[in-house]
Amino acid sequence: MLSVVWAPAFVFFLHQVSVWVTNGEYWWDEPRHIAGGMAIAWMGMRLLQVGSEHRRIPQLPQWFTVVVLSGFVMTAGVVWEWYEYIRWIAFDPSMELTLADTLKDLVMDVVGGVMVAVACTRSS
């Protein structure tokens, strides 16, 4: 199980450290979301591989694997944005949340996820 969750956990840890170190400056929010999307896609790919090895998930065509991983990343991105919104309400009302920022974050998540999904399906 550790082989599946280490990448997202590491990116989450780096995100929290970066927020504390930069005092909440969001100038590098895009790279963090790309890295998060990559980590979630990698986790999804590992889950598909483990499921396929144990014959719980059928071998998927490459194009469908990219679609599934993109959906997985989008779902994780939406959950992350909920987390940011709840954190904003509860702890940091001065944090600026806008629809444009939320949509940009979701697009950056998907960009990172698609990069990993395409790379993983080409190598398999």
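**Exercise 1. The core**

Which residues make up the largest nonpolar core, and how many are there in all?

*Solution.* The model is a predicted one.

Step 1. List the members. The largest nonpolar core holds 11 residues in all: Ile40, Ala41, Met43, Met45, Leu48, Val66, Leu69, Val73, Val116, Ala117 and Cys120.

Step 2. Assign them to elements. Helix 2, helix 3 (62-90) and helix 4 (99-123) each give two or more residues to this core. With five residues, helix 2 gives the most.

Step 3. In soluble globular proteins, nonpolar side chains tend to be buried together.

**Exercise 2. The overall layout**

State the secondary structure content, the order of the elements, the dimensions and the share of buried residues.

*Solution.* 

Step 1. Count the elements. The protein has four helices and zero strands, and from the N terminus the order is α-α-α-α.

Step 2. Take the dimensions. Along the principal axes, the C-alpha atoms fill a box of roughly 50 × 30 × 20 Å.

Step 3. Take the burial. Of the 124 residues in the protein, 36% are buried.

Step 4. Residues 24 or more positions apart account for 75% of them.

**Exercise 3. Helix 3 against helix 4**

Classify the relative orientation of helix 3 and helix 4, and name the residues in contact.

*Solution.* 

Step 1. Take the geometry. The two helices pack at an angle of about 150 degrees, and their axes are 8 Å apart.

Step 2. Apply the cut-off. Angles over 145 degrees count as roughly antiparallel, so helix 3 and helix 4 are roughly antiparallel to each other.

Step 3. The crossing of helix 3 past helix 4 is right-handed.

Step 4. Name the contact residues. Helix 3 contributes residues including Val66, Leu69, Val73, Glu81 and Glu84, and helix 4 contributes residues including Asp105, Asp109, Ala117, Val118 and Thr121.

Step 5. Follow one residue. Beyond its neighbours within four places in sequence, valine 66 is in contact with Ala117, Val118 and Thr121. Valine 66 is also one of the core residues.

**Exercise 4. Helix 2 against helix 4**

What is the orientation of helix 2 and helix 4 to each other?

*Solution.* 

Step 1. Take the geometry. The axes come within 7 Å and cross at roughly 45 degrees.

Step 2. Classify the angle. Helix 2 and helix 4 are therefore oblique to each other.

Step 3. Helix 2 passes helix 4 in a right-handed crossing.

Step 4. Name the contact residues. Among them are His33, Ala41 and Met45 of helix 2, and Asp105, Met108, Asp109, Val116 and Cys120 of helix 4.

Terms used
Residues are numbered from 1 along each chain as its sequence is written. This is a predicted model: local features need pLDDT of at least 70, side-chain atom pairs count only at pLDDT 80 or more; totals for chains, interfaces and linings use all residues. Side-chain values use heavy atoms; hydrogens and water are left out. A nonpolar core is a set of buried Ala, Val, Leu, Ile, Met, Phe, Trp, Tyr and Cys residues joined through side-chain atoms within 4.5 Å. Buried means under 20% relative accessible area, exposed over 50%, partly exposed in between (1.4 Å probe, protein chains only). Contact means heavy atoms within 4.5 Å. Axes are lines fitted to C-alpha atoms, for helices over the stretch in contact, and angles run from 0 to 180 degrees between N-to-C directions. Angles under 35 degrees count as roughly parallel, over 145 as roughly antiparallel, 65 to 115 as roughly perpendicular and the rest as oblique. A crossing is left-handed if the near helix is turned anticlockwise from the far one by less than a right angle, and right-handed if clockwise.
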